[in-house]
Amino acid sequence: MSAALPQRREPATLPNTLSIGQVLGRLADDFPELSPSKLRFLEDRGLIHPARTASGYRSFSPADIERIKLVLLMQRDHYLPLKVIRKYLADLDAGRDPAWPGTAAGSPSILGTERRYSRDELLSETEASTDLMNDAVGAGLLPAAELYDDTALATLKALVDLRSAGIEPRHLRAMRIAVERELELVANALLPMRRRPDAASRAKADERAVELANRLDTVRSALVRATLAKHAS
């Protein structure tokens, strides 16, 4: 009686693709809070579309990885809600060239242009002095990091202009504290949702936090404009 041939086991991913675990490992440095439940949530919301093996394993292509990074950057760095991100991605998928959300139509898209700056590059790009950079970090307006993004670039440029008017980073500590208190309000409001045991509720809480932060920013901007108008009158 001949021995049965061992069954060939199907790989967990398709050729040239990554599993969920491999995706998390690849993106861990830039997105340490990314989790399997978050990826599944993005798929459920129609933002990413990984392929499946015959056994049902998710397989992520290089294009999927770039799409995930784009979605996460739009959430984290630009505070865009998922419905806005979904519309932007749908336009890209349809072959259109949509304007970056929040910019005027026809303005250049920043898709794929997200840069990272060393400390020296940041200083050079903004023409900021070293002591201004140090003061900004000390006041909690910029992180003490090896690499900085476009948000940090815009922040430091603004601080250069503010210093020219006599407004120093130390004067803005109260602003940072106020923002932290606002976000505490959001966190407390979403605490019941985050305490639910299912991953979908926690992912929805993350999305809702971005939406509420945007609402707070709208109110803050309106208050600034109203106060300026009052002083001008």
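Helices are taken here as DSSP runs of H or I with at least four residues, numbered from the N terminus. In the predicted model, Asp64 is placed by this assignment in helix α3, which covers residues 62-76.

The chain as a whole contains 10 helices and four strands. Read from the N terminus, these elements follow the order α-α-β-β-α-α-β-α-α-β-α-α-α-α. The chain has 233 residues, of which 32% are classed as buried. Among contacts with a separation of 6 or more, 57% are made by residues 24 or more positions apart. The accessible surface of the chain amounts to about 14,900 Å², and carbon and sulfur atoms contribute 55% of this area.

The largest nonpolar core comprises 27 residues, and Val23, Leu39, Leu42, Phe60, Ile68 and Ile85 have the most contacts inside it. At least two residues of this core come from each of α1 (20-27), α2 (36-44), α3 and α4 (82-93). The greatest contribution is that of α3, which provides seven residues. For Ile85, contacts beyond the neighbours within four places in sequence involve Leu47, Val71, Met74, Gln75 and Leu80. In soluble globular proteins, nonpolar side chains tend to be buried together.

A salt bridge requires a side-chain nitrogen of Lys or Arg within 4 Å of a carboxyl oxygen of Asp or Glu. When neighbours within four places in sequence are set aside, the contacts of Asp64 are with His49, Pro50, Ala51 and Ser59.

Met175, Val179 and Leu183 together make a nonpolar surface patch of about 260 Å². Of these residues, Leu183 is situated in helix α8, which spans residues 173-189.

Methods
Residues are numbered from 1 along each chain as its sequence is written. This is a predicted model: local features need pLDDT of at least 70, side-chain atom pairs count only at pLDDT 80 or more; totals for chains, interfaces and linings use all residues. Side-chain values use heavy atoms; hydrogens and water are left out. Buried means under 20% relative accessible area, exposed over 50%, partly exposed in between (1.4 Å probe, protein chains only). Contact means heavy atoms within 4.5 Å. Accessible areas come from the Shrake-Rupley method with a 1.4 Å probe; for residues, only the protein chains shown count as cover. Patches are made of residues with over 30% relative accessible area and no salt bridge: like charges are joined within 9 Å, nonpolar side chains (Val, Leu, Ile, Met, Phe, Trp, Tyr) within 5 Å. A nonpolar core is a set of buried Ala, Val, Leu, Ile, Met, Phe, Trp, Tyr and Cys residues joined through side-chain atoms within 4.5 Å.
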